[in-house]
Amino acid sequence: MSGRSTFYVTTPIYYVNDVPHIGHAYATLACDVMARFKRLDGYDVHFLTGTDEHGEKVEKAAEAAVLSPQAYADKVSQSFRDLIGAMNYSPDNFIRTTEKRHQVSCQALWGKLVAAGDIYLGKYAGWYSVRDEAFYADDETEVGADGKRRAGPVGNEVEWVEEPSYFFKLSAWGDRLLEFYEKNPRFIAPDSRRNEVISFVKGGLQDLSVSRTSFSWGVPVPGDPKHVMYVWLDALTNYITECGYPDTTNPLWRFWPADLHVVGKDIIRFHCVYWPAFLMSAGVATPKRVFASGWWTTEGQKISKSLGNAIDSAAVTAEFGIDPVRYFLLREVPFGNDGDFQRRALIGRLNADLANAYGNLCQRVLSIVAKNCGERVPAKGTLVEADVALLDRAKGLLAIVRSELDEQAFHRALISIWEVIADANRYVDAQAPWALAKTDPVRRDTVLWVLAETIRRVTLLVQPFMPDSAAKILDQLAVPAEGRAFASFDRELTSGTVLPKPQGVFPRFVEAKVAS
Ligand code: MSP
């Protein structure tokens, strides 16, 4: 074992009832950036994503597709796996809840809940939403103008369910949960979600139905196989299955408790109320943090299958490139807020931030270097105040980005990086290295060295966000592979190093004219 600090980050596992869209791509992207950053920062990282394949919703979707649930799950799970390449994610594993090891883990956890005296057999009579795979109290539902009962005014339809069911004594966990939130102020983020969860728990918790008998597509309850486990108990357990649960001698157990579960705002209750209660009951450590991301709409509309407006990430990345889409999603909207995916905004950012600001800086500097400095890293002469000021800002970026990412403030991390890019562009204009070519070539070389060194630092930090583009720029600066981790952040460019031919990395996007 390495002795390095561990960092375990997880995405929600995606239901296989639907094909992936940009909303799904988003949570995994956030986790990917966290995982890449922490790897570069020297952590022993484990990054998990996967699919949630049991439950009534999936069983019904399989029926509609005239496939067995397993065949259906195999097919749709693959489309989520394909997102990994389409968005250049770097997960360490992709888990499926239909794996045998997961069944073992769920049943072991169930056994612990039983042993703790927190499970009893009863009968569920209440509302259930198959779309949400969630139970609702009477006062959480309302009947709309169309006569249909929903979970809240804009929620999904609910149906009346009455069946024998095992219950988890959630009602007994309210005070312990409130104490847990109090002692772990970083557990739920952003703050608005934390307040939402605390007031939900303060409102009083009811026991939770944790098994179903009206269908069979799930993990059988040990000793009573007419029951399958409630899909959320099954799904949440994936995070510990991956680490080997119940075998805590598994080498991957070193990653538990997870450092970060990224989830959508709609599933915060499952992760921040049910999950810690299950774990505390079973005597398993609780995760350190749950961050709830907001939801994307597209051109002002809810993303939905029926509207047919689901943005397919493969189509967007084919048109704009993977890295620009990754940048846009994390730069456009503060993580935690809702966002609207607008083509115009994406093109705007791509041209302004990537082509004009960053791309142009690299292109200008590297092409002057190639023409004037013999295709080598220029000679670093005596630094003047303006040089030191720019270099210091670039040096300070690592600590800033590190602390922003510890809060999942991706947009603020990017803003800080782009401020230094803007400073560097102003410095190029002010120092005018092209004009120094004749008057003071020594000074010109120093200016170019300062710029190349600034680009190197900025680009090291761009790596988690735009891995391929950053790699191309670092190649052009001849930064060796072992010089790309943050341990080498202060290893400055060596004058005289031979450089390859520069190439543009962020072309401008010009919208094709539609013939009228
Ligand atoms: N299977 C559960 C999660 C179990 S985790 C132990 C589930 N699956 S889901 O496929 O319905 O949703 C997965 C994630 O995608 C959720 O976090 C959800 O919030 C997110 N999104 C679905 N549509 C979205 C948008 N339009 N925008 C952003 N995120 C969205 O819930």
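The model is a predicted one, and residue numbers count from 1 along the chain as its sequence is written.

**The ligand and its shell**

The ligand is surrounded by 22 residues, and the closest of them are Ile13, Asp52, Gly264, Asp266 and Trp296. An oxygen atom of the ligand, in turn, is 3.1 Å from a polar backbone atom of Tyr15. How much of the ligand does the protein bury? Taken alone, the ligand exposes 660 Å², and the protein buries 94% of that.

Several elements give two or more residues to this shell, namely β2 (14-15), α1 (22-40), α7 (231-236), α8 (238-241) and β15 (260-264). The largest share, 3 residues, comes from α7. Sorted by class, the shell is made of 13 nonpolar, 7 polar and 2 charged residues.

**Helices that pack against each other**

Two packed helices are described by the angle between their axes and the distance between the axes.

| Helix pair | Axes come within | Crossing angle |
|---|---|---|
| α11 (residues 322-332) and α14 (residues 410-431) | 7 Å | roughly 110 degrees |
| α11 and α12 (residues 343-372) | 10 Å | roughly 100 degrees |
| α13 (residues 385-406) and α16 (residues 441-462) | 10 Å | roughly 10 degrees |

The axes of α11 and α14 cross at roughly 110 degrees, which means that α11 is roughly perpendicular to α14. Helix α11 takes part through Tyr327, Leu330 and Arg331, while α14 contributes Phe410, His411, Leu414, Ile415 and Trp418. By class, this contact of α11 with α14 holds 6 nonpolar, 1 polar and 1 charged residues.

For α11 and α12, the axes cross at roughly 100 degrees, so α11 is roughly perpendicular to α12. On the α11 side the contact is made by Pro324, Tyr327, Phe328, Arg331 and Glu332, and on the α12 side by Ala345, Leu346, Arg349, Leu350, Asp353 and Leu354. The contact of α11 with α12 has 7 nonpolar and 4 charged residues, with no polar ones.

From α13, Asp387, Leu390, Leu391, Ala394, Lys395, Leu397, Leu398 and Val401 meet residues of α16, including Arg443, Trp449, Glu453, Arg457 and Leu461. The residues of this contact of α13 with α16 divide into 11 nonpolar, 2 polar and 5 charged.

Most residues other than glycine have a negative phi, and most peptide bonds are trans. Where in this model is a peptide bond cis, with omega about -10 degrees? That bond joins Ala189 and Pro190, and Pro190 lies in the loop between β10 (188-189) and α6 (191-202). The peptide bond from Trp256 to Pro257 is cis as well, with omega near 5 degrees, and Pro257 sits in the loop between α8 and β15. Both α8 and β15 are among the elements that give two or more residues to the shell around the ligand.

Glu299, which is not a glycine, has a positive phi of about 45 degrees. Glu299 is placed in the loop between β17 (296-298) and β18 (301-302).

Technical notes:
Predicted model: local features only at pLDDT ≥ 70, side-chain atom pairs only at ≥ 80, totals over all residues. Heavy atoms only, no water. Axes fitted to C-alpha atoms, helices over the stretch in contact; angles between N-to-C directions. Helix = DSSP H or I, 4+ residues; strand = E, 2+ residues; numbered from the N terminus. Parallel < 35°, antiparallel > 145°, perpendicular 65-115°, else oblique. Contact = heavy atoms within 4.5 Å. Nonpolar A, V, L, I, M, F, W, Y, C, P; charged D, E, K, R; others polar. Near = heavy atom within 4 Å. Polar contact = N/O pair within 3.5 Å; in protein donor to acceptor, adjacent residues only side chain to side chain. Areas by Shrake-Rupley, 256 points an atom, 1.4 Å probe, with all protein chains shown as cover.
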